[in-house]
Amino acid sequence: MENKFLVGASTAAHQVEGNNIHSDFWAMENMEFSNFDEPSLDAVDHYNRYKEDIDLLSNAGLNSYRFSIEWARIEPEQGKFNAEAINHYRDVLAYCHEKNVIPVVTLHHFSSPKWLIDLGGWKNPATADYFAAYSRKVVQELGTLLHYICTINEANMGIQIAAISERFKKQAMQQQTKNIQVGLNFDPEKMIEKMKKVAEENQVLFNNPKPAIFLSELGAEGDAIIIEAHKKAKAEIKKINPELKVGMTLSLHDIQAINGGEELADKEWKEEFGHYIEHIQEDDFIGIQNYTRSVIGPEGILPVPEDAILTQMSHEFYPQALENVLRRVHKELGIPMLVTENGIGIDDDRLRVRFINEALEGVQRCIDDGLSVLGYLHWSLLDNFEWQKGYSKTFGLIAVDRKTQTRYPKPSLKVLGQFTDKFNN
Ligand code: BGC
């Protein structure tokens, strides 16, 4: 297992399993004034169909599967662990091993138990201890079946959300003035009214008008809690089995500066990556999650070039970004890197094929230059629930007809599978 280069695909429990009823996301999706385009419901029923999905992955030649264990299932009530859920994940892990598929397990991928949010969520310092206790339980129960563990998915997401929200606020201010000038109907009162209703409903549901879910705007304090949660969980895992490989994952853009944007670009990179270095340099690996680049000029992030191909997320199609990020992280951090997510939401699967080929050429060049890259796990194995955007985005190597839950592998699945031999010979 140690020396195998991983070629695989990733999912996250809430996005694929279905009926994650004890989670914060389930509660938010079903609010009257929900921000979600639609609720997750049965998702793609991966909870019941995981064998079929792992078969498809393995038959196409992939040798690794990254998935997340759902905290809200393992611990639906604080301190009460659910044996059935633990057995379920034991079965999933055992099935991976039966199929010679190396599991990469994430302990927290955005969704949390609802009780955690009621207690103050990711702004409550005690959350680090709650997370460590849950992690300990998982590893006590399932540790012998594990090898790579990602504690927290995209630990830097709260900071990124805060930055995006700041940008939107600025734009909205500009928009407001613009609208008044051209006499368009901009009705801030209606927006404020909806926000008021959401706050009231949150107060009833979570005991808080602005619940601190993992995907909230988080400042330095929230960031520190997440780092602490990672450290404490890692310490618990290592106490049980020091052989397990532990790391966190980060969402990393290929940040490029042009014409005087250098200073801002440096600041952005430090926020997104640099300030984590001191906390993770002793980790066994870092999970790299990259989707595109962001180009920065003196005024900030520039719009995507006009001739660029846009993905469904309005990201620029830019598979070269991954190689750039790997090289930069290697230079600044120097621990082994595992690509835990990289992909595009797009209908045209030929573009996904091109994306995979070009991204993996970049990975190959990194390896040829001596960088330690443990594997490449594509996002995602299945078309799935893209959080507030619902099922409209198609990131999968496998399409799913959600009426019948029938799986339709796309050509890109096989294309990715062919890299297993290329990287392992
Ligand atoms: C997340 C996934 C998400 C993907 C595509 C990543 O930030 O980890 O959960 O579906 O991006 O947007």
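**View 1. An open sheet of 3 strands has the order S7-S9-S10, with mixed pairing.** Strands S7 (254–257) and S10 (300–301) are the edge strands; each has a single partner strand, so one side of each lacks a neighbour in the sheet. Strands (E, at least two residues) and helices (H or I, at least four residues) are DSSP runs, numbered from the N terminus, and two strands pair if DSSP finds at least two bridges between them. The model is predicted: local features need pLDDT of at least 70, side-chain atom pairs count only at pLDDT 80 or more, and totals for chains, interfaces and linings use all residues. Residues are numbered from 1 along each chain as its sequence is written, and side-chain values use heavy atoms, with hydrogens and water left out.

**View 2. Strands S7 and S9 pair in the parallel sense.** Ile255 has Ser294 in S9 as its bridge partner.

**View 3. Helices H11 and H13 against the sheet.** Helix H11 (residues 262–272) lies across S7, S9 and S10 and runs at about 165 degrees to S7. Helix H13 (residues 321–332) packs on the sheet, where H13 touches S7 and S9, and its direction makes about 90 degrees with that of S7. Contact means heavy atoms within 4.5 Å. Axes are lines fitted to C-alpha atoms, for helices over the stretch in contact, and angles run from 0 to 180 degrees between N-to-C directions.

**View 4. Asp283 and Lys234 form a salt bridge, with N to O at 2.9 Å.** Asp283 is in the loop between helix H12 (277–280) and strand S8 (286–290), and Lys234 is in helix H10 (residues 220–240); the pair links distant parts of the chain, 49 residues apart. Asp283 is buried at 5% relative accessible area, and Lys234 is also buried, at 15%. Buried means under 20% relative accessible area, exposed over 50%, and partly exposed in between (1.4 Å probe, protein chains only). A salt bridge is a side-chain nitrogen of Lys or Arg within 4 Å of a carboxyl oxygen of Asp or Glu; by this rule the count is 26.

**View 5. Glu323 forms salt bridges with Arg327 and Arg365.** The closest N and O atoms are 3.1 Å apart for Arg327 and Glu323. These two residues are 4 residues apart in helix H13, so about one helical turn separates Arg327 from Glu323. For Arg365 and Glu323, the closest N and O atoms are 2.7 Å apart. Arg365 is in helix H14 (residues 349–368) and Glu323 in helix H13, 42 residues apart. Salt bridges with shared partners join Glu323, Arg327, Arg365 and Asp369 into one network. Glu323 is buried at 12% relative accessibility, whereas Arg327 at 27% and Arg365 at 40% are partly exposed.
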